[in-house]
Amino acid sequence: GNHDITPHIVVVGRVEYSGLDFFINAFYSDPANDRSRIVVLAPTLRFTVAEFYQLISNSRRTRKMYFIRGSPFNVTDRRRAKMKYAKAIFVLSARETNDAVGDDSLNVLSISAIREYLPKVPILSMHLLPESSDNIEEAIFTKSDRERLRKVAGGASFGRQSSSSL
């Protein structure tokens, strides 16, 4: 059954070396994540072969990293990444880009596609522009989430903790 699946998270978005390396270090710095695997689902990896080996050679990461060429928009790719069983999904942004609006917009679309497929899985997203916050919040939280949270928060805004500007 699915109870024997090793705990994992799925990383999507703009996957580049420095951002992924930073993310992995932060993730594994928490001892609670020691047993978890990281599945990277991306159409392309934006780093060199040398950087790739640098990413996976660290002893704490050995046999914990999986790379799947694919897209969060593709049902088969989402299944291959076992997204349904993920503890969480992280949407990364490239730190250096010529198109912050385009990158943030693509992340919003990715989140919407994932959320439609998986209404309950936690999604944590990075974005480049502060003005993207509301769109990302809309995509992450379902309508029922928003209504429930609005009642709890007494009408206050919410969700900022789930999205962060770089």
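I started with the second largest pocket, which holds about 220 Å³ of space. This is a predicted model, so I kept that in mind throughout.

Next I looked up what lines the second largest pocket: 16 residues, with Gly13, Arg14, Pro43, Arg46 and Leu106 nearest its centre. Strand 1 (8–13), strand 2 and helix 4 (100–117) each give two or more residues to that lining. Helix 4 gives the most, with 4 residues. Sorting the lining by class, I got 8 nonpolar, 5 polar and 3 charged residues.

Then I went through the rings. My search of the whole structure turned up 7 aromatic pairs. I picked out Tyr17 and Phe47, whose ring centres are 6.3 Å apart with planes at 70°, so I logged the pair as edge-to-face. What does this pair tie together? Tyr17 is in helix 1 (residues 17–28) and Phe47 is in the loop between strand 2 (37–42) and helix 2 (49–57), so the contact links parts 30 residues apart in sequence. I checked burial too, and both Tyr17 and Phe47 are buried.

I also noted one aromatic cluster made up of Phe23, Phe27, Tyr28 and Phe90. Tyr28 has a charge over its ring as well: the charged end of Lys64 sits there, 4.9 Å from the centre. Arg78 lies over the face of Tyr117, at 4.3 Å from the ring centre.

Last, helix 5 (residues 133–140): I found Ser133, Ile136, Glu137, Ala139 and Ile140 buried. They span an arc of only 165° around the axis, so I put them on the same side of helix 5.

How values were computed. Residues numbered from 1 in each chain as written. Predicted model: local features only at pLDDT ≥ 70, side-chain atom pairs only at ≥ 80, totals over all residues. Heavy atoms only, no water. Buried < 20%, exposed > 50% of the residue type's maximum accessible area, 1.4 Å probe, protein only. Arc of directions from axis to C-beta. Phe/Tyr/Trp six-rings, centres within 6.5 Å; stacked < 30°, edge-to-face > 60°. Lys NZ or Arg CZ within 6 Å of the ring centre and 35° of its normal. 1 Å grid on protein atoms, 1.4 Å probe; cavity = no way out; pocket = protein on both sides within 12 Å on 5 of 7 lines; lining within 4 Å. Points joined across faces, edges and corners; volume = space filled by probe spheres on them. Nonpolar A, V, L, I, M, F, W, Y, C, P; charged D, E, K, R; others polar.
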